[in-house]
Amino acid sequence: MQQRTRIYLTGVGGQGSLTATTLLARAALGQGIEVTAGEIHGMAQRGGVVESFILLGGWKSPKLGLGEADLFLGFEPLETLRGLPYLKKGGVVVSSTEALPPVAVSLGVAEYPELDKVRTAAESVAARAFFLPSKTLGLQAGAVQSGNFALLGAACAVGVAPVSVDGLKAAVRAFLKPKLVDINLKAIDLGVAAVNNQ
Amino acid sequence: MAHPLLAGAAGERHLLLGNEAIVRGALEGGVGFVSCYPGTPSSEVPDTFYRLSPDGDYYFEYSPNEKVALEVGGGAALAGAATLVTMKHVGVNVAADPLMTLAYIGAPGGLVLLSADDPGCHSSQNEQDNRIYGRLAGIPVLEPATAQECKDMARDALLLARRLAQPVLLRTTTRVNHLRGAVEFGERPGPAPLAGIGKTPMRYVPIPAVARQRHGAVLSILDAAREASEASPWNVESGAGDVGVVASGISRAYLADALAETGLEGKVRVFDLGFTHPLPIERLAAFLASVRTVVVLEELEPLVEKELRALAQERSIAVRIVGKGELLPRTGEYTVQIVARAVCAAAGADYAAPETAPATGNLPMRPPNLCAGCSHRAAYYAVRQVFGDDAYYSSDIGCYTLGILPPLKAADFLLCMGSSVSAGSGFARASGQTVVGFIGDSTFFHSGITGLVNAVFNNHDVVVMVLDNRTTAMTGHQPHPGVDVSLMNSPHAQLDIESVVRGLGVNQVWKVKPYNVKATMKALEEAKAAKGVRVVIAEEPCVLFARRTLKKSAPQAAYVAEQGEDTRRVVETLACPAFFKDENGYGVDENACSGCMVCVQLIKNFKARKRSA
């Protein structure tokens, strides 16, 4: 029987978190891991919250419930904080530190939570929580969109899910357009390094 | 190279979206004809067929609405084509009329109707349970729960439909349409040969004498379908013990995971129902008789539950049946935890939900919003300036329903696709109030036209604003009869909305560009001063569609040249998501700004400049 892992991913419409979800699921399948994934994306284009799920190792459901995520990927810190109840006690968080403020915050009528608050909340449930400037790492690799791959690299490096960094890289080579491969491989390495340095 | 869904060989394994798997399954079932009206969560099925159509050996069309789609598909199936018709659950309401008759006269080529239901109302106005349509029409229903089953059941549904010469309902839910999983391909034989009706009017024209006879035939075919259900590999029993669970739809997946988590795997008897109508009653009767308690898992309505209760009564089976109630709600979606709790309660096992982190309250929300530069915002702004809170706004279904949000507040009531014109007419007649209806271009062709015919015929007093953004924006930019057909990958004809409106007998028609605020307000002022049926067509391509498909770019972006009370007022009344506020005051995010220049027209504090990058 395969190791069973549930992964919760949350981000903001337009960030590309669903593309990242699909690639991670393909990486798992490429390693012979049973995979089911799901997403709610009705409003994905319009700046709403986008949640997705990857369940590895023989789960049948395409979603997970509160307190069930072994691994938590936050593509945006506010959404990390909002989605935290999905994390299993003792699970692992990998989150971006870089904010995409909602309209109400941009217009000064609502307040964006301090990053420290996000960190403290995550650390209160998680066994380990890793925060990295994924967008900046993406830019460092060559494209802002590659930030998601830095986050994926970090997620594979923390050792919770059976998907390996090599498996992720194999999926990047197999499924991305050739001109995007090198940039994203570099972004993955930067994400892995960010985790190893924490 | 052709897409794997078309070219993939038997035995290949691919990670597919549930909706993509349905496409492959229909192809393996020999589909030759596909029609649809898009709607979440069904849209990726027709969109994939459309995308692949240049290489495909099937006919595909987007029809203007679900009734037409099912009639076109019904005609194709009568001509003998293996046919798939797709829609979201509420679309089946629109298509219910042809559906009921197709069930009577049959569809010899084989016709599968995909109904994509939406428990939880993720993107719909209700969560109606369309399994009921299978029972109402008297046709078989199959319900997949995994990507592999989406593929295999789409194939089997088509083969069954052809064998019975009767429509089959393939019923999915949002979770199933939008899951991803590994799918192993089977053979793809190419389109099934035509198996048409010939000239047999006393069989296929349901005049009362024929219809009376066909009602009996519907019931006989259902008997044959019940035999298929009894023997179906989609209806599977497993496990042991004196507690049973009968599960259908996505609840089967939740049950499998709940049993694995609670350690009850193998310790309860499970009846997995994939072929859910007609039920395999002989096998279910034996199952009921073999357990002390049975839990029935089905989202939404207690259909299987009630049939099992009736079955137990008929056969005098003493079994406790646990269905809808406190633990198993009739609203919304089920979860693994809901299922685990209910099954543990029935089995007398303890269940504790996992510990969770407390939710952080009062976080800023991210409500879906009209995009920066959306032409609907410009139109709504002008309408509010002219009509304010004095008019009632009859909304319709599309992105523009988001106009409900403040500060635009451009929606007071809404029924369904196309209702803005007709419900607006009735509201105005009964109340004597000014009513402005909003309808998108795709929705206008869907079912706004008949409302407009009625408004002209009955001389209603209503302003209709057609928000023509040149595409079906909400569901992913599908074509409709009004689009620029040069963008499509096969020959089509284009209908002009203004000509249609005038052709229907409306003679008070204005056509404006909503990005031109002054001209739009002038047209609305004139419409406000007039009486009777008035149509204002506001035409401007959807900003996403313009960027992605039409490859339009705006070299300039707006910026705030001067702060102050007027600037604040515009920020608050237009509420464009490109606006922001920082320590220097208000500004316009250049990356988010589409360059629509609506704000620039309102006050001199906003100005345009060349983009920096």
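**Where the chains meet**

Modeller: Strand 2 (residues 35-40) of chain A and strand 8 of chain B run antiparallel and are joined by three bridges; two strands pair if DSSP finds at least two bridges between them. Helices (H or I, at least four residues) and strands (E, at least two) are DSSP runs, numbered from the N terminus. This is a predicted model, in which local features need pLDDT of at least 70, side-chain atom pairs count only at pLDDT 80 or more, and totals for chains, interfaces and linings use all residues. Residues are numbered from 1 along each chain as its sequence is written, chains are lettered from A and ligands numbered from 1 in the order in which they are written, and side-chain values use heavy atoms, with hydrogens and water left out.

Colleague: Which residue stands opposite R180(B)?

Modeller: A37(A) stands opposite R180(B), which lies in strand 8 of chain B. R180(B) also forms a salt bridge with E39(A), with the closest N and O atoms 3.6 Å apart. A salt bridge is a side-chain nitrogen of Lys or Arg within 4 Å of a carboxyl oxygen of Asp or Glu.

Colleague: How many salt bridges are there between chain B and chain A?

Modeller: The count is four salt bridges.

Colleague: And how many residues does the contact take from each chain?

Modeller: Chain B gives 51 residues and chain A gives 53 residues, contact meaning heavy atoms within 4.5 Å.

Colleague: What area is buried between them?

Modeller: About 4300 Å² is buried between chain B and chain A, and carbon and sulfur atoms give 59% of that area. Buried area is the accessible area (1.4 Å probe) that two parts lose on being put together, summed over both.
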